[in-house]
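Q: Could you walk me through how to read a pocket and a sheet in a structure that is new to me?

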Amino acid sequence: MTHPLPSPVLREFLATLRRGDERSGVVTSIENFGVFVDLDGAPEPSAGFIPPPEVSWKRISSCGEVVTMGQRVTAAVLRVDAEMRGQAVL
């Protein structure tokens, strides 16, 4: 599956993020492979992504056990993929 390249505006926003920065946002999608977050101040939705191991310190079978749609979350930036996926991994 190919992803569209991120827009220049989104790449510019992601370039302001640094590893360890804490960012807040709203959960927009809960999938088996992680949680998408609409980061505050991001020019496009779902600019943040939280993989399952980062959702909870305890073993879970679904990310939905820990977060709900529309929930406000705060997480630290682990890395930024501004060129390919256009997301901050939280």
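Q: How do the residues of the lining of the second largest pocket divide into nonpolar, polar and charged?

A: A pocket is an open set of points on a 1 Å grid over the protein atoms alone, where a 1.4 Å probe fits and protein lies on both sides within 12 Å along at least five of seven lines, and lining residues have an atom within 4 Å of a point. In this predicted model, local features need pLDDT of at least 70 and side-chain atom pairs pLDDT 80 or more, whereas totals for chains, interfaces and linings use all residues. Residues are numbered from 1 along each chain, and side-chain values use heavy atoms, without hydrogens and water. Here the lining divides into 12 nonpolar residues, one polar and one charged, and of these 14 residues, I50, E54, V55, T74 and A75 are the closest to the pocket's centre. The space in this pocket is about 180 Å³.

Q: Which element gives the most to this lining?

A: Helices (H or I, at least four residues) and strands (E, at least two) are DSSP runs. Strand β4 gives the most, with four residues, while β2 and α2 (52–55), like β4, each supply at least two.

Q: In what order do the six strands form the sheet?

A: Strands of a sheet pair through backbone hydrogen bonds, either parallel or antiparallel. Pairing is counted where DSSP finds at least two bridges. In this structure the open sheet runs β4-β1-β2-β3-β6-β5 with mixed pairing, and its edge strands, β4 (72–76) and β5 (79–81), each pair on one side only. Within the sheet, β2 and β3 (residues 48–50) pair in the antiparallel sense over three bridges, and V35 stands opposite I50 in β3.

Note on methods:
Points joined across faces, edges and corners; volume = space filled by probe spheres on them. Nonpolar A, V, L, I, M, F, W, Y, C, P; charged D, E, K, R; others polar.
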